[in-house]
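Try each task before reading its solution.

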Amino acid sequence: MSDISPLSEDDLAFLASYLPPSAQRVTKTQESDGTTSTIKEGEIPFVTLTYASSLDSMIALAPGARTTLSGPETKSMTHYLRLHHDAILVGAGTAVVDDPGLNCRYPGATLQTQPQPVIVDPRCRFEVSSSAKVCQLAADGKGKAPWIVCVEDNGKPENDLARNISIKTDMAALQSSSDSQQISMQWLDILRALKAEGMNSVMIEGGATIINALLLLPNVVDAVIVTIAPTWLGRGGVNVSPAAQSRGGESTNAAWLRQTSWRQFGNDVVLCGRLGDRDTTT
Ligand SMILES: NC(=O)C1=CN([C@@H]2O[C@H](COP(=O)(O)OP(=O)(O)OC[C@H]3O[C@@H](n4cnc5c(N)ncnc54)[C@H](O)[C@@H]3O)[C@@H](O)[C@H]2O)C=CC1
Ligand SMILES: Nc1nc(O)c(N)c(N[C@@H]2O[C@H](COP(=O)(O)O)[C@@H](O)[C@H]2O)n1
């Protein structure tokens, strides 16, 4: 029997307008390194950014500590959201620390309706083995085998428990850079690659590095759904706080949510919105 209870009709109505599919977009976007690229209509999946935060904007007690913030009701909400997305994406940091299952246990979910787990892991540092929870669930027919988004020639042999989705990266530029250990792939490249594999919607769950980057990409993210748990985790936790921004030499807010709605789920608050400027009302 599933540990996930169905949501009420009122809960479902609250979430409805934030679910994929969205209107298709033709727009310009800016990557955090300052480059711009155009997103063509339907070129990238619908992107939902969702995570659970404490009142001090922490998503884990410490780097390396898997931390439960969501109560039973918001956990059910997360699994309902997973049911409505083609893929669930996390970063290598989360995969290594949390050993997540990345499947959907919402009542009625079948193997066919399971989301595709995706791990952004340029150098394949997450050990894909039969003891990884995501692989166990796939072997038991309770989820799909993960895809690893990595760079070509990452030096790791392909593992038959997972599939590599390779992203072309300018390795020459990388090797000449001062920080050659950090490989930064463009989000548009990652999302285009997932779209090319048939993923029309992606639920991005974290961790902090990924959330902080995506909060600065309002034209990439379609919906933001944050669970706020009534607790403070305290200093030393893993913090959601995007890089400081400035405009015309003046400090400015890093990110805004517009079209906001909130609802109580058990003891937690769920805040939904779309990224954009404070002054954008539509
Ligand atoms: N409360 C919540 O909802 C959640 C909490 N977490 C917590 O977050 C923590 C992990 O956060 P982080 O350490 O920041 O790890 P992360 O999960 O954000 O992964 C960061 C890694 O992903 C890869 N990556 C991310 N963006 C990339 C890009 N553009 N190009 C290339 N590679 C990229 C890199 O390997 C990078 O080191 C864990 O403690 C976990 O428990 C994670 C997810 C949700
Ligand atoms: N929504 C939410 N609430 C929390 O309290 C969390 N710790 C997380 N973490 C995310 O969920 C993944 C674990 O998923 P499984 O239940 O193992 O499938 C974890 O990797 C984080 O992405 N999320």
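**Exercise 1.** In this predicted model, find which strands helix H2 lies across and its angle to S15.

*Solution.* Start with helix H2, residues 72-83. Helix H2 lies across strand S3 (46-53), strand S5 (87-91), strand S9 (201-206), S10, S14 and S15. Next, take the direction of the helix: H2 runs at about 35° to S15. For practice, turn to helix H6 (residues 187-196), which lies across S3, S5, strand S6 (116-120), strand S7 (147-151), S8 and S9. Helix H6 runs at about 135° to S8.

**Exercise 2.** Work out the strand order of the nine-stranded sheet and find its edges.

*Solution.* The order is S8-S7-S6-S5-S9-S3-S10-S15-S14, in an open sheet with mixed pairing. Strand S8 (163-167) and strand S14 (257-265) each have a single partner strand, so each leaves one side without a neighbour in the sheet. From one strand to the next, the twist averages 25°.

**Exercise 3.** Determine how S10 and S15 pair.

*Solution.* Strand S10 (residues 223-228) and strand S15 (residues 268-275) are antiparallel, with five bridges between them.

**Exercise 4.** Identify the residues that touch the most other members of the largest nonpolar core.

*Solution.* That core has 70 residues, and Ile119, Val202 and Leu214 touch the most other members. Now follow Ile119: beyond its neighbours within four places in sequence, Ile119 contacts Val90, Ala92, Ala95, Phe126, Pro146, Ile148 and Val149. As background, nonpolar side chains tend to be buried together in soluble globular proteins. Here, 39% of the protein's 282 residues count as buried.

Note on methods. Residues numbered from 1 in each chain as written. Chains lettered and ligands numbered in written order. Predicted model: local features only at pLDDT ≥ 70, side-chain atom pairs only at ≥ 80, totals over all residues. Core = buried A, V, L, I, M, F, W, Y, C linked by C-beta atoms within 7 Å. Buried ≥ 20, exposed ≤ 12 C-beta atoms within 10 Å, placed from the backbone. Contact = placed C-beta atoms within 7 Å. Pairing = 2+ DSSP bridges. Helix = DSSP H or I, 4+ residues; strand = E, 2+ residues; numbered from the N terminus. Axes fitted to C-alpha atoms, helices over the stretch in contact; angles between N-to-C directions.
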